[in-house]
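Visitor: Please walk me through this model. I would like to know about its chain contacts and its salt bridges.

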Protein chains: 2
Amino acid sequence: MKDRMTPAVRMTGHTQRGQCAKRMSILDAAADVFCRQGFAGASIDEIAAVACVSRQTIYNHYREKETLFVAVVEDVMNRANAMLFSVLSTFPDRADNLEDELTAFAVRLNKNCICNHDGKFLRKLVQTEGERYPHLFESWRQQGPGKLTTALSALFGRLAHKGALAIDDFDVAARQFVALGNADLQMMILLGGTPTDEELEKAARNAVHTFLKAYGRTEAEKAGHPAQLAAISG
Amino acid sequence: MKDRMTPAVRMTGHTQRGQCAKRMSILDAAADVFCRQGFAGASIDEIAAVACVSRQTIYNHYREKETLFVAVVEDVMNRANAMLFSVLSTFPDRADNLEDELTAFAVRLNKNCICNHDGKFLRKLVQTEGERYPHLFESWRQQGPGKLTTALSALFGRLAHKGALAIDDFDVAARQFVALGNADLQMMILLGGTPTDEELEKAARNAVHTFLKAYGRTEAEKAGHPAQLAAISG
DNA sequence: GTAAAATTAGACGCCATTGTCTAAAACGTC
DNA sequence: GACGTTTTAGACAATGGCGTCTAATTTTAC
């Protein structure tokens, strides 16, 4: 019943750094093994081996397998959310050269949030263990894809107000933007592969091209409603 | 080493029907348990219980766990492929009322091929065990999504030749059609839920609406190139 | 250098599961 | 009703993983 962590408050940097390194090493290894083998198929021994750590050390830091699993998921979710937030902040806010800017944004989104290590991990784990840990992945649902959709929705709304896009339903447009961006990568995403930069670029270009054919405004249309441009920029 | 199945050639209908019923019962139960628990997490005892069958009966029909798993995947894949073929044969071939017809087709596709029992099973299992059984799911990749894309590509090509659509790259358009159709259902698909008929209808309508904004031809365009219509129909 | 804390290797009990085996029961055919 | 086949329940050994414990070793703080 004694709390092994309480002495830590008296520790200075070095021990904490050493402990922290072990913890991260374990979390990384566990993420790797859980992702490949699933919760049931993953063995603590294998995780310990991958982490270059004794099995007992794992039990010291995380009481049992399930605790470790929860910690891994939360860790990956935090990283993924931070990355998503970071990428969302690069959404283009100018209307000029929209096709190129949206394409570059789609590349960033796919590369850093959807096709990267953490994205693959979360997608796979949500499918594999989602029903077994509803509360855990509910927060992923709301903070991951949920946040992505609502944020994108607002950002598209801003562009539409500037007269750069003609969108009736921003939520639908946001979901469709993401869906189009993944259209050419679906197979790779499902199989867990990693697209090359060329594939990412091409997929994003196809997606944005179609998206703008559906929601873009012609130069003539923009010229016909200059007031919308002035209203925002003024 | 003795082959338990050889006496079966002498059997008359009833026994075979009984055996076949057992086999199907086992396959269904195993699909259910494998899907929920994954390969490692599924236990033969649970499968036997769900199938209302003795554990030994499973070992009589399928030598070991892995044999059973392979048989289950092949069984589901056959059903899914048949359904996909069936739905593909209902693709609209007329250009009139295209939006409604494409919407209805998208509903059929999502309802019967992607969001149904077999579709969910295959998607989940491909993600969970795809790396462990590459050859097994390679055929799924080619006959499932691969066939869907190439078939849709050809079907859109037919519509384009009739002048109903303006498509430059049929493969890209086919993938985007599927992606748009899933855009509003992504979350439910990932979580393993089943959309209601209203949700299916709305998702398909949104998808086709955007798809036709990008690839549809205006009445004016169609009128400007009546030759394409005449060339096919004549 | 010393003391405290963390880490390690290994053994251990426990439990679930796999796959085999056997004898009894149920089923279908004749 | 007799016979062959299939199915069943249960016991069984073997395996492997989880989680605990201990004693030795390393790391860190002071």
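The questions below take the interface, then the charged pairs, of this predicted model.

Visitor: How many residues of chain A and of chain B take part in the contact?
Guide: The area buried between chain A and chain B is about 3,300 Å². Carbon and sulfur atoms give 56% of that area. The contact takes 33 residues from chain A and 33 residues from chain B.

Visitor: How many residues of the side of chain A that touches chain B are nonpolar, polar and charged?
Guide: Across this interface, 12 residue pairs are in polar contact. Helices giving two or more residues to the chain A side include α1 (13-41) and α7 (134-161). The residues of that side divide into 15 nonpolar, eight polar and 10 charged.

Visitor: How far apart are the closest N and O atoms of E131(A) and K124(B)?
Guide: The rule finds four salt bridges across the interface of chain A and chain B. E131(A) and K124(B) form a salt bridge, and the cut-off is 4 Å. Their closest N and O atoms are 4.0 Å apart.

Visitor: Which residues are linked with R36(A) in a network of salt bridges?
Guide: D32(A) and R36(A) pair at 3.2 Å. They are four residues apart in helix α1 of chain A, so about one helical turn separates them. E46(A) in helix α2 also bridges to R36(A), at 3.5 Å. The residues linked with R36(A) are therefore D32(A) and E46(A).

Conventions: Residues numbered from 1 in each chain as written. Chains lettered and ligands numbered in written order. Predicted model: local features only at pLDDT ≥ 70, side-chain atom pairs only at ≥ 80, totals over all residues. Heavy atoms only, no water. Contact = heavy atoms within 4.5 Å. Buried area = accessible area lost by both parts, 1.4 Å probe. Salt bridge = Lys/Arg side-chain N within 4 Å of Asp/Glu carboxyl O. Polar contact = N/O pair within 3.5 Å; in protein donor to acceptor, adjacent residues only side chain to side chain. Nonpolar A, V, L, I, M, F, W, Y, C, P; charged D, E, K, R; others polar.
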